[in-house]
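Hello,

Please find the structure below. My notes on it follow.

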Amino acid sequence: MDYKKIDKLIMKYLIIIVLLILAVTNMKFIISSISLVFTAFANIILAAMIAYVINIIMSRIEKLIVKTDRPFLIKRKRIFGVVLSLVTIVLIFYLLINLIVPEFLKAVTVLIETIPTYAEQLRVFLIDAFENMPDISQYLNNLQLNWKGIVDNFLAIAGNGLGSVLGTTFNIVSSIMGSLFNLLLIIVFAIYLLIDKDRFIHLYYRLTALYLSDDQRKKIGVVLKVTHQSFSSFIGGQCIEAAILGSLCALGMMILQMPYAIMIGTLVGTINIIPIIGAYIGGAIGVFMVFTVSPMQALAFLVYLIILQQFESNVIYPRVVGNSVGLPGIYVLASVIVFGAVAGIPGMFLGIPTVASLYKLLRMHIIKKENALNPTKEIKENIE
């Protein structure tokens, strides 16, 4: 019996037990420390996430530049890749804003102009509904709202409260300017990360070569590769799924001859990048806009969108996003439910690719074990 190994094993478990006891007894301190560290590095983490998303576009642009076989472009592919990626993203945002915002403001203007008409129609409807109740019917019949006076009174109240509003305006403007400046720093840092991407990759290889064995480096490389595949595929799958839903929404509205079809379809598809609940947010705005033209059409749009959203959530989303990340549809829905409950919308974003990565790694591990137990019947698992 090897007593030295037994002593080492006992010592190992004693250390683990002591660390667990210390962690439990100092849980509040540990959580506050983690929160402090996360707050300090929050902007850097956000910049890294933005850089990762931009890098997906940049990598494809760099591949196209390399295919041109022009030394001038190839030598400066990183600069061209970063610039063209940013221009692409800014152009997409500009087109979306230019398509959505003017129509939305137009709908608000139309609603303000039609409120008196809707109010009068409601008054007439109520008079007919309460014709058997003379008191109520008489009151409604005598009720004449002076909408011009209501607007003037509202403006007067707003004018009286302007003094107190101006007192907080400076603080609001300062807060907005601070947030914009902070966002600018995050974007600049993300650009620096993209430009120096090769330096960080080279540093990773140097450190792993110094401190890790070949087997450990290989395992970490597989984990990083699978994780990258899952997250990049998830982002692509989300964009494809959003485009499908937006197209179906716009097409259905055009068939049903509803107003703002292309604009609402674009809005629903864009906000649908937020998993599962995004379409409902876009749909609420869409209902409001259709209501400015016709309340009955708004009701019809709501019914159509509910049906479309159910089809999207249970059929399109699990298949499109699940296939893109290599995760069965049931796990996609489970990931959204569990991680959404734990961490809200960020949890919905990160949950699916995280579970997809774990699912692939576990599947690879199981297949490796099965291959070891059944050497005559090899089971292959390729991660391309």
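Leaving aside neighbours within four places in sequence, which residues is Ser230 in contact with? They are Val325, Pro353, Ala356, Ser357 and Lys360, where contact means heavy atoms within 4.5 Å.

Before the rest, two notes on the source. This is a predicted model, in which local features need pLDDT of at least 70 and side-chain atom pairs count only at pLDDT 80 or more, while totals for chains, interfaces and linings use all residues. Residues are numbered from 1 along each chain as its sequence is written, and side-chain values use heavy atoms, with hydrogens and water left out.

Ser230 sits in helix α9; helices (H or I, at least four residues) and strands (E, at least two) are DSSP runs, numbered from the N terminus. Ser230 counts as buried because its relative accessibility is 0%. The cut-offs are under 20% relative accessible area for buried, over 50% for exposed, and partly exposed in between (1.4 Å probe, protein chains only).

Next, the largest nonpolar core. It has 20 residues, and Cys249, Met253, Ile264 and Phe301 touch the most other members. A nonpolar core here is a set of buried Ala, Val, Leu, Ile, Met, Phe, Trp, Tyr and Cys residues joined through side-chain atoms within 4.5 Å. At least two residues of this core come from each of α4 (77-129), α9 (214-255), α10 (261-271), α11 (278-291) and α12 (295-325). The most come from α10, which gives six. Another core lies apart from this one; it has eleven residues, including Val321, Leu327, Met348 and Ala356.

Then the pair α9 and α10. Their axes come within 8 Å and cross at roughly 155°. The angle therefore makes α9 roughly antiparallel to α10. Axes are lines fitted to C-alpha atoms, for helices over the stretch in contact, and angles run from 0 to 180 degrees between N-to-C directions. Angles under 35 degrees count as roughly parallel, over 145 as roughly antiparallel, 65 to 115 as roughly perpendicular and the rest as oblique. From α9, the contact is made by Ala242, Leu245, Gly246, Cys249, Ala250, Met253 and Met254, and from α10 by Ala261, Ile262, Ile264, Gly265, Val268 and Gly269.

Last, Gly329 is in helix α13 (residues 329-373) and counts as partly exposed, at 25% relative accessibility. Its C-alpha atom is separated by 8.5 Å from that of Asn314, 15 residues apart along the chain.

Regards
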